[in-house]
Amino acid sequence: MSEVHTHAHAHAHSHAPAHFDRAFAIGIGLNIGFVLIEAFYGWKVDSLALLADAGHNLSDVAGLVLAWAGAFAARLKPNARHTWGWQRASVLAAFANAVLLLAAIGGLAWEATGRLLAGEGVAQAQGVTIMAVAGVGIVINTATALLFMRGGASDLNIRGAFLHMAADALVSLGVVVAGALTLWMGWRWLDPVVSLVIAAVILVGTWGLFRQSLHLLFDGVPASVDPAAVRALLADLPGVAEVRDLHIWAPGTGRVALSAHLVMPDGGGDDAFLQHATDALHEHFEITHVTLQVMRAPFGPACDAPH
């Protein structure tokens with residue numbers, strides 16, 4: 001008995017992601033200037049909180065450069081040898097950003113702990129300088145974060161840039177508080193303690209970025225998509241008896257792709273069916289690239305079956 005197999009493919013593409021070139025250029029320029037100011041005054045008054053924040057801001061400059069490079073690479077056109085283009089560069093940039101931040105957190109915590117155990121801190125008179133410099137940081141970091149806020153919900157790479165800047169604004173606020181309390185109460189130990197708090201705050205924000213970017217690097221299902229719900233939607237399509245070989249992954253930080261085999265014993269899978277399935281996946285899950293293969297009977301073992 002012969003078997004008849006019908007193969008069909010449907011693709012849906014969303015609008016191209018917004019470009020953040022101007023935001024990256026402004027953010028990098030502002031933060032380089034602030035790093036120089038903060039490092040100079042941190043060295044001048046021997047404030048670990050300022051020096052630590054300057055080092056962190058320097059790592060964020062590198063992070064913004066990485067994120068910008070990743071966003072640019074993701075816009076390069078596909079070719080015969082790179083059929084997805086260079087979209088994965090945005091995931092790599094987000095992962096590199098997270099690793100860079102985690103390394104900076106470790107160095108900051110080590111230095112702060114050493115100073116705290118040694119009983120070192122900043123003098124009370126230095127509080128005004130610390131507050132003034134960190135106050136400038138609040139303005140610069142908040143302004144930079146706002147440049148990336150609208151893209152953070154849909155693109156992990158842009159979200160990484162936003163989180164960096166938002167965390168920096170919070171860090172600078174903490175440094176201002178430390179300077180005020182040092183000036184008011186004379187708590188010399190507060191400077192390294194605030195540095196440890198800064199490290200903890202950055203760690204909380206960075207860990208999620210690290211985990212998600214690592215997950216996407218290994219073609220994990222994006223956090224915004226429920227694979228069980230996707231399978232249920234496909235299984236409920238008229239004429240579908242079984243969903244096999246379902247794969248959901250992210251070629252880049254702002255795009256989700258899907259491929260699946262649909263077993264339809266009574267035939268079907270015409271253009272109208274495929275368009276309906278594609279539209280439903282895009283509407284419910286923001287899946288922007290859909291490839292469906294329709295067959296009357298399954299052949300071969302399903303690669304997504306549990307082992």
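I began with helix α7 (residues 227–235), which lies across β1, β2 and β3 and runs at about 130 degrees to β1. Such angles go from 0 to 180 degrees between N-to-C directions, with axes fitted as lines to C-alpha atoms, for helices over the stretch in contact; contact means heavy atoms within 4.5 Å. Helices (H or I, at least four residues) and strands (E, at least two) are DSSP runs numbered from the N terminus.

I noted that the model is predicted: local features need pLDDT of at least 70, side-chain atom pairs count only at pLDDT 80 or more, and totals for chains, interfaces and linings use all residues. Residues are numbered from 1 along each chain as its sequence is written, and side-chain values use heavy atoms, leaving out hydrogens and water.

Next I looked up the sheet. Three strands form an open, mixed sheet in the order β1-β2-β3. Its edge strands, β1 (242–252) and β3 (289–295), each pair on one side only; pairing requires at least two DSSP bridges between two strands. Strands β1 and β2 (residues 255–263) run antiparallel and are joined by seven bridges. Ile 248 stands opposite Leu 258 in β2.

I then counted elements: the protein has eight helices and three strands. From the N terminus they run α-α-α-α-α-α-α-β-β-α-β.

Last, I checked Tyr 41, in helix α1.
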